[in-house]
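Have the structure open as you read.

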Amino acid sequence: AQQNAGILARRLSEHAEVHEVRYPGLASHPQHDRADRTLGGPGFMLTFRVRGGAARADALVDAVRLLTHATSLGGVESTLERRARYPSEQALVPDDLLRVSVGCEHVEDLWQDLERALTAR
């Protein structure tokens, strides 16, 4: 899952429809150096922001087929959610931010699902 997360984070960070990726394994993460020194690895959680705001983020959530829309974290299956859809999160979380708990599926299957959803309109 951690290896998959790193691959997906790198690919998402290069995608034209994504304007921010947060993953401690990326050098662009504000706490990358600290994470590198203190953690046993960057983990399997990442967030990314899509161009087009909340409506585009919701459309992506609806378009994925392999990733499951769910709040739960840490399973063997990948999950995805838009946190700002919850009223208690709206003041804290950007409305276009998607949180992913990356699982153990084949990384190419995960990427194809995300890329298809990112390019769907």
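Where is the place of Leu118? Leu118 sits in helix H4; helices here are DSSP runs of H or I with at least four residues, strands are runs of E with at least two, and both are numbered from the N terminus. This is a predicted model, in which local features need pLDDT of at least 70 and side-chain atom pairs count only at pLDDT 80 or more, while totals for chains, interfaces and linings use all residues. Residues are numbered from 1 along each chain as its sequence is written, and side-chain values use heavy atoms, leaving out hydrogens and water.

Leu118 counts as buried because its relative accessibility is 0% (buried is under 20% relative accessible area, exposed over 50%, partly exposed in between, with a 1.4 Å probe and protein chains only). Among the residues it touches are Phe48, Val50, Arg56 and Leu60, contact being heavy atoms within 4.5 Å.

Arg56 and Leu60 bring us to helix H3 (residues 53-63), whose buried residues also include Gly53, Ala57, Val61 and Ala63. Seen down the axis of H3, these fall within an arc of 165°, so they line one face; the arc is that of directions from the helix axis to the C-beta atoms. Ala55 and Asp62 are exposed on the face turned away. Helix H4 (107-119) is part of what covers the buried residues, as is strand S2 (45-50).

S2 belongs to an open, mixed sheet of five strands, ordered S1-S2-S5-S4-S3, where pairing requires at least two DSSP bridges. S1 (18-22) and S3 are the edge strands. S1 and S2 pair antiparallel over four bridges, with Val21 opposite Phe48.

Conventions. Lists of a residue's contacts leave out its neighbours within four places in sequence.
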